[in-house]
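Visitor: Hi! Could you walk me through this model, one piece at a time?
Guide: Happy to. Here it is.

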Amino acid sequence: MVKIDRNPIPPPSLEVEKQKPNGRYNKADVVQQLKEDSHDKCYICELGGLSDPEVEHLRPHHSRKMAERVSDWNNLFYVCPHCNNLKKDAKYDDKIIDCCVEDPEEKLEQCYENGCVNVHSTVNEECAVMTAVLIQDCFEKRNTGIREAACQHRIECLAESMSVLYKTLENHKEHPESERYIRSLRATLSRKSAFAAFKRNYVRKHITDYPELKDFLI
């Protein structure tokens, strides 16, 4: 999970739909704007190129008192079905970082090491702790056959993405003056890229080896 810059202007359909008794919050303009703002990534696991995206409510809207949250533009996020299903657990209600308001990288360490994902909170805050649990589960909770397949797919995609980063870092070290590798690293360490949090965390942890990349992590 990384910081997302949400377009402050709500899609037109939200204003129209919220006037209806059972208005929809996932019309085409909403989905498209969320896709653009999230760079076509699930905001939780950061898997990119979603073929079956869903619109998720960060904060629950189960009761009448929470009805205004249904069409609240700031409460809608672009998510994959796997992560959305996991987040429906009541233990996460109102306990997940709003990555459009806060920078998750300032509160979480999201690591990929030896083929495993390890996410933990770096601050003593409930939202950070629970967000870490959720992200961890998105990669490692394999309690059903469907979740086993979904987790394995994410691990494989993450491993491939990290492998590209490692190779590019090696090439950069061998050819530090090459603009080609500099451009590649700038792109792969951008928050726009898939699994950016894991790649940025790796470079951050090894910044003494690559001090010239510090500005790419801002």
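Visitor: Is Lys27 buried or exposed, or partly exposed?
Guide: Lys27 is partly exposed, because its relative accessible area is 28%; buried means under 20%, exposed over 50%, and partly exposed in between, with a 1.4 Å probe and protein chains only. Before we go on, this is a predicted model, where local features need pLDDT of at least 70, side-chain atom pairs count only at pLDDT 80 or more, and totals for chains, interfaces and linings use all residues. Residues are numbered from 1 along each chain as its sequence is written, and side-chain values use heavy atoms, leaving out hydrogens and water.

Visitor: Good to know. Where does Lys27 sit, and what does Lys27 touch?
Guide: Lys27 is in the loop between α1 (12-17) and α2 (28-37). Helices (H or I, at least four residues) and strands (E, at least two) are DSSP runs, numbered from the N terminus. Not counting residues up to four places away in sequence, Lys27 touches Ser13 and Glu17, where contact means heavy atoms within 4.5 Å.

Visitor: Which parts of the chain does the pair Glu56 and Lys87 link?
Guide: The side chains of Glu56 and Lys87 meet in a salt bridge at 2.6 Å, N to O. The pair links distant parts of the chain, with Glu56 in strand β1 (residues 54-57) and Lys87 in helix α3 (residues 81-87), 31 residues apart. Both Glu56 and Lys87 are buried.

Visitor: And what about Arg69 and Asp94, how far apart are the closest N and O atoms?
Guide: In that salt bridge they are 3.5 Å apart. Arg69 lies in the loop between β1 and β2 (76-79) and Asp94 in the loop between α3 and β3 (108-113), so the pair ties together parts that are 25 residues apart in sequence. Arg69 counts as buried because its relative accessibility is 14%, while Asp94, at 40%, counts as partly exposed. Elsewhere, salt bridges that share partners join Asp103, Glu105, Arg191, Arg200 and Arg204 into one network.

Visitor: Let's switch to α2. Which of its residues are buried?
Guide: The buried residues of α2 are Val30, Gln33, Leu34 and Asp37. They are on the same side of α2, because they cover an arc of only 100° around the axis; the arc is that of the directions from the helix axis to the C-beta atoms. What covers these buried residues includes α1, β1 and β2.

Visitor: Last topic, helix packing. At what angle do α5 and α7 pack?
Guide: Helix α5 (residues 145-174) and helix α7 (residues 196-205) pack at about 35°, with their axes 10 Å apart. Axes are lines fitted to C-alpha atoms, for helices over the stretch in contact, and angles run from 0 to 180 degrees between N-to-C directions. The contact is made by Leu158, Ser161, Met162, Leu165, Tyr166 and Leu169 of α5 and Phe198, Lys199, Tyr202 and Val203 of α7.

Visitor: And how do α5 and α6 cross?
Guide: The axes of α5 and helix α6 (residues 179-188) come within 9 Å and cross at roughly 150°. In this contact, Leu165, Thr168, Leu169, Asn171 and His172 of α5 meet Tyr181, Ile182, Ser184, Leu185 and Thr188 of α6.

Methods: A salt bridge is a side-chain nitrogen of Lys or Arg within 4 Å of a carboxyl oxygen of Asp or Glu.
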